[in-house]
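The stops below are given in the order in which to select them.

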Amino acid sequence: MKILLVHNEYGKYSGEEAVVDKMAGIFSGLGHEVAQLRMSTAGLRDSATGKMRGFLAGIHSPGGVRAMREAIERERPDVVNVHNLYPFISPASLRECRKAGVPVVMTIHNFRLICPTGLFMRDGGPCELCLQKGHEWGCVRHNCEHSLLKSVGYAARNAVARIRRHYADCVDRFACITDFQRVKLAAAGFPAERLVLIPNPMDIDNSKPEANAQADKSYGNYVAFCGRISKEKGIDLIIEAARRNPDIPFRLAGAVADNNLVDNLPENVIIAGYLSGRELEDFYRNARFMVMASRWYEGFPMAILEAARHRKATIGPDHGGFTEIIGKGDSRIGSLFTPGDADSLEKEIRSLWNDPLLARSLGEAANAKLRREYSTSVIASKWASLLDSLSNP
């Protein structure tokens, strides 16, 4: 089988680009031939002309439609796997797949099909207004992009795609990365039979558990966070929890997006900066557990799986994908707290810190769940079944 991967890059290498590259490897590993149609948004925001090009292309991109048509004629794919289409490929290009009779699977990385910003977030918290109203006017009314041009452009391109039914008519399967996404798309009217759950994959160490016993040598020295240091990530909640518990060390790894958040830090909080490679491995390995406090749903919080790879539990907010990945009851791999509630977060941090045996046990459960549900081999098998269903309807 030949698969055409389609993706409009964001200009800076992002998690979506990493997933697209990963999917190319998975498809090749399954024995399929992979071709790609990729465009880039790099430099788009550097000029008024570029911004206007993006505004118009997102609604309908003649160049993107032509590129899709030429790619299909040149590559003659059996399946098209679409990721991001905005702005230069545009949803209108999906019509070329339909005309050619090529089935389309769209990987749903975020909430962009039902929320113009793709985030289900406004003013630092969850917002489902456009889903509830069934239209995109809320994005303009509340200026969700903090730029009227962008808010209007994002709302317009979503409205056109919805009214012209580009997704509804041309996408055969929507591969949702969380069940939360799947439920929201169904609520928006997307056919349930076309919505499938295929999470993002995570590579794991396949050596025996006893060969990875370093995590057992100590309980861990600090509470860790890894991600962007920003308000929507709930960094202020984590810092407040640290301030109330000066005996617990906290380390936050990631690029600082808001310097106001890291002014006047309590002495038990260390900003480790952006880490990679061995430094990042050691950061996870030496933590007692991870904490995430996002005020918004996020898409698929990969840091939970990264922590699980190192046999670490995660405390996270009880909403979005966090709830289903972390879980509750006997099957949980961490703890959940009331979103946006500093008291609830502090309670869970203190409880897990004071019970290192439980933290270790939950970390082992996290690693087991990773291997069982999210490992690359498991996700590859899910994709193999989906592709087979499209070629043998």
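Select helix α3 and colour G64, V65, A67, M68, A71, I72 and E75, which are buried (buried means under 20% relative accessible area, exposed over 50%, partly exposed in between, with a 1.4 Å probe and protein chains only). Looking down the axis of α3, you will find these buried residues within an arc of 165 degrees, so they line one face of the helix; the arc is that of the directions from the helix axis to the C-beta atoms. An α-helix has 3.6 residues a turn, so residues three or four places apart point the same way.

This is a predicted model, in which local features need pLDDT of at least 70, side-chain atom pairs count only at pLDDT 80 or more, and totals for chains, interfaces and linings use all residues. Residues are numbered from 1 along each chain as its sequence is written, and side-chain values use heavy atoms, with hydrogens and water left out. Helices (H or I, at least four residues) and strands (E, at least two) are DSSP runs, numbered from the N terminus.

Stay on α3 and turn to the face away from its buried side, where the exposed residues P62, E73 and R74 sit. What do the buried residues of α3 pack against? Show β1 (2-9), β2 (33-40) and α4 (94-100), which are their partners; contact means heavy atoms within 4.5 Å. For the length of α3, pick the C-alpha atoms at the ends of residues 62-75: they are 20 Å apart, which agrees with the 20 Å that 14 residues should span at 1.5 Å a residue (the expected span is 1.5 Å times one less than the number of residues). Just after α3, select R76, whose phi is positive at about 50 degrees.

Next, go to the loop between β3 (79-82) and α4, which holds P87. The peptide bond joining Y86 and P87 is cis, with omega about -5 degrees.

Now show α1 (residues 15-29) together with α16 (residues 376-391). Their axes come within 10 Å and cross at roughly 70 degrees (axes are lines fitted to C-alpha atoms, for helices over the stretch in contact, and angles run from 0 to 180 degrees between N-to-C directions). That makes α1 roughly perpendicular to α16, a term for angles of 65 to 115 degrees. Which residues make the contact? On α1 they are K22, M23, I26 and F27, and on α16 they are T376, A380, W383 and L387.

The buried residues of α16 are T376, I379, A380, W383, L386, L387 and L390. Seen down the axis of α16, they fall within an arc of 120 degrees, so they line one face of the helix.

Move to the loop between β10 (250-253) and β11 (269-273) and select E267. Is E267 buried or exposed? Its relative accessibility is 85%, so E267 counts as exposed. The C-alpha atom of P249, 18 residues away along the chain, is 8.6 Å from that of E267.

Finish at two loops. In the one between β12 (287-291) and α12 (302-309), select E298. This residue is not a glycine, yet its phi is positive, near 65 degrees; E298 is buried, at 7% relative accessible area. In the loop between α12 and β13 (314-317), select R311. R311, also not a glycine, has a positive phi of about 60 degrees, and R311 is buried at 10% relative accessible area.

Methods:
Parallel < 35°, antiparallel > 145°, perpendicular 65-115°, else oblique.
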